[in-house]
Amino acid sequence: MAVASSSDVVILALGVALAAAYLFRDSLFSSSKPKAVPIAPSKGANGHGNPRDFVAKMKEGKKRLVIFYGSQTGTAEEYAIRIAKEAKSKFGLTSLVCDPEEYDFENLDQVPEDCAVFFVVATYGEGEPTDNAVELMRSLTDESFEFSNGERKLEGLKYVVFSLGNRTYEHYNAIGRQVDSELTKMGAVRIGERGEGDDDKSMEEDYLAWKDPMWDAFAEAVGVEEGQGGDSPDFAVTELDSHPPEKVYLGELSARALTKTKGIHDAKNPYASPVRVSRELFQAGGDRNCVHVELDIEGSGITYQHGDHVGVWPLNPDVEVDRLLCALGLYAKKDTVINVDSLDPALAKVPFPVPSTYISVLRHYIDISAVAGRQILGVLSKFAPSPEAEAFLKNLNTNKEEYAAVVGNGCFKVGEILQLAAGNNIKIPPTPENTTPWSIPFDIIISSIPRLQPRYYSISSSPKLNPTSVHVTAVVLKYESVANKVADTRYVYGVGSNFLLNIKYAANNDEAPLISTSSNTDPASISLPKYSIEGPRGAHKLESIYKIPIHVRRSTFRLPTNPKSPVIMVGPGTGVAPFRGFVQERVALARRTLEKNGPDALADWGRISLFYGCRKSTEDFLYKDEWPQYTEELKGKFTLHCAFSREPPYKPDGSKIYVQDLIWEDRKNIADSILTGKGYVYICGDAKAMSKAVEEVLARILGEAKGGSAEVEGAAEVKLLKERSRLMLDVWS
């Protein structure tokens with residue numbers, strides 16, 4: 001065998017080095033400073049250049065507004081579309097409504113001078129952007145990001161911000177405020193005041209109070225006059241005389257569901273999950289319900305982790321579907337097949353699959369069970385069947401206080417308001433005979449009522465113990481409205497949880513109990529709302545098995561990977577749901593660890609504490625029989641602390657004991673777990689009172705442990721825990 005000489009080796013090595021230098025010359029010799037990458041023109045779907053270039057689309061479509069929405073549940077998108085519609089009706093201006101993750105922002109500095117950029121952004125989680133706005137926020141906040149001018153300058157860019165948040169959260173409207181701040185720093189000019197909607201009170205009222213002054217400032221800034229627009233429909237609704245029945249959407253949520261073809265299951269293609277188990281968690285005899293549902297995902301391709309959320313796709317109750325069909329004069333032709341076309345696809349996309357039927361749209365696709373918004377009442381008043389009905393709606397539309405007293409307190413839905421305005425009796429089941437029809441075009445209904453959205457629940461299981469099922473723990477929402485001048489107090493029902501309750505009764509072959517046996521004929525006072533749970537074409541019932549359309553939404557609400565880290569969980573009521581999954585996750589790990597390393601394998605594990613609260617140990621103690629088993633399997637590392645607010649013991653002054661009181665009692669262990677053990681704290685449940693109270697007591701405990709006060713040292717420690725993702729919240733109001 002020939003042996004290479006040393007000179008050959010040197011020459012060969014030099015050749016390889018030169019070749020590598022040539023191949024990687026861009027990486028080796030370019031500047032280390034990140035720069036905006038020029039966007040090469042490429043044919044997009046429309047054949048007109050780069051599909052991610054929103055400025056080019058604005059110019060091509062002669063759009064003077066571009067509206068970006070950061071939306072997690074669809075609300076911000078709805079407000080973005082409303083803004084676009086108002087710009088068109090007031091000024092005759094057309095808009096480009098954009099999902100920001102579909103566009104690049106290098107050319108934000110190229111927006112024409114006579115145009116404006118709107119940002120309608122929600123704040124999600126702990127002051128985070130929504131999933132679709134992550135790249136937008138990165139572009140605005142990353143100091144290394146440059147626009148097409150080679151700088152981080154947006155001199156003269158006109159912009160508007162409407163942000164959506166909830167005041168009970170610490171980072172109220174943080175993303176909208178950050179967008180405003182960053183744009184101002186770069187030289188952009190805000191039009192009008194920054195709008196801030198508060199979902200804890202009334203997002204709608206905040207929007208209505210903000211928009212009129214904003215439009216006045218907008219008109220002056222871009223040089224337009226009101227009155228140049230007009231009322232033009234967003235959609236054209238056509239009744240179809242003949243259409244293949246198998247191609248009509250009767251409640252299917254995707255094309256794959258209609259054609260029964262396989263595909264990835266997500267928010268755009270939910271999976272019809274068989275209900276494996278459905279049972280009541282509250283003890284018998286009470287007037288409240290909490291449903292435990294186990295959803296089979298075997299063979300679906302769906303995976304999940306502890307702490308994730310499951311989106312349940314409900315439908316509207318039968319009584320509200322019938323009510324609106326009657327009020328619109330459509331009851332006799334409820335099964336008529338209709339097609340819906342958008343008259344301006346850039347402004348308003350058809351919000352559900354078509355062709356469909358009138359009854360399917362009202363039952364499955366739009367949220368007719370929501371409280372009627374004030375703005376929609378003004379639109380509907382134009383089609384009133386009488387002057388009295390018109391005056392009734394106009395008064396509610398223009399009088400904020402009257403709207404709050406009647407519609408807000410009464411929790412009236414659109415169908416109920418139409419009946420009340422026409423003088424109909426809403427206390428009896430609606431029929432064509434007892435309901436006055438309104439001549440409202442169906443396209444107005446589609447434009448004015450938002451899409452029916454999934455209801456999200458914290459998953460209450462771990463895939464380590466339950467790999468083929470997702471567990472849901474849902475307290476059933478039922479509360480009394482406030483009596484007002486048009487209606488007495490009555491029950492109001494949550495759509496998603498009562499849908500699950502219907503499933504539970506049907507799956508167990510049980511009859512739903514009557515709420516009242518009095519002579520009151522109001523459907524809401526006699527029985528629980530009924531749903532068509534068999535699904536479109538009976539697809540959601542197979543013999544005695546019912547199915548629920550679901551998808552999984554990822555979360556960052558996770559246990560630390562190291563079991564040696566102490567864990568403190570606070571979850572009263574159904575806030576305990578994710579922590580059942582957390583504990584199951586640790587139980588699965590404990591089983592494997594003990595099997596591998598013997599009976600003392602958990603000795604160095606951190607303490608796992610769960611602070612749980614409910615009314616009574618004999619009434620609403622969730623998963624009461626499971627916790628002792630978990631305690632045994634975790635070899636004393638798991639401790640459950642229970643606060644029963646409506647049974648002894650009480651505080652010395654007779655007041656109730658809540659989870660925050662138990663945390664204070666255990667303050668020595670809490671401080672040690674957090675400060676010495678570098679532990680993690682998780683809070684799930686009510687954001688308005690419980691979450692704040694728990695954070696306050698944590699600040700007090702940590703402040704004292706650090707030799708200071710709750711207000712200074714304690715607050716600093718809590719802030720640090722959040723910044724390091726060692727204090728995490730999954731809360732709602």
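The legends below describe an overall view and several close-up views of one predicted protein model.

Residues are numbered from 1 along each chain as its sequence is written, and side-chain values use heavy atoms, with hydrogens and water left out. Because the model is predicted, local features need pLDDT of at least 70 and side-chain atom pairs count only at pLDDT 80 or more, whereas totals for chains, interfaces and linings use all residues.

View 1. Helices (H or I, at least four residues) and strands (E, at least two) are DSSP runs numbered from the N terminus. Along its principal axes the C-alpha trace spans about 100 × 70 × 65 Å. Of the 733 residues, 50% are buried, where buried means under 20% relative accessible area, exposed over 50% and partly exposed in between, with a 1.4 Å probe and protein chains only. With contact defined as heavy atoms within 4.5 Å, residues 24 or more positions apart account for 76% of the contacts that have a separation of 6 or more.

**View 2. The open sheet of three strands in the order S8-S12-S13.** The pairing in this sheet is antiparallel; two strands pair if DSSP finds at least two bridges between them. Strand S8 (235–239) and strand S13 (356–357) stand at the edges, each with a single partner strand, so one side of each is left without a neighbour in the sheet. Between S8 and strand S12 (residues 337–342) the antiparallel pairing extends over five bridges, and glutamate 239 has isoleucine 338 of S12 as its bridge partner.

**View 3. Lysine 333, in the loop between helix H9 (318–327) and S12.** At 33% relative accessibility, lysine 333 counts as partly exposed. Leaving aside neighbours within four places in sequence, lysine 333 is in contact with Glu239 and Tyr358. Isoleucine 359 is 26 residues from lysine 333 in sequence, and their C-alpha atoms are 8.8 Å apart in space.

**View 4. Strand S2 (residues 95–98), covered on both faces.** Ser95 and Val97 lie on one side of S2 and Leu96 and Cys98 on the other, and all of them are buried. Strand S1 (residues 65–70) pairs with S2 in the parallel sense over four bridges, with phenylalanine 68 having cysteine 98 of S2 as its bridge partner.

**View 5. Strand S5 (residues 158–165), in which eight of the eight residues are buried.** Lys158, Val160, Phe162 and Leu164 point one way from S5, while Tyr159, Val161, Ser163 and Gly165 point the other way, and all are buried. Strand S3 (residues 116–124) runs parallel to S5 and is joined to it by six bridges, and the bridge partner of valine 117 in S5 is tyrosine 159. Strand S6 (residues 189–190) also runs parallel to S5, to which two bridges join it, and here tyrosine 159 stands opposite arginine 190.
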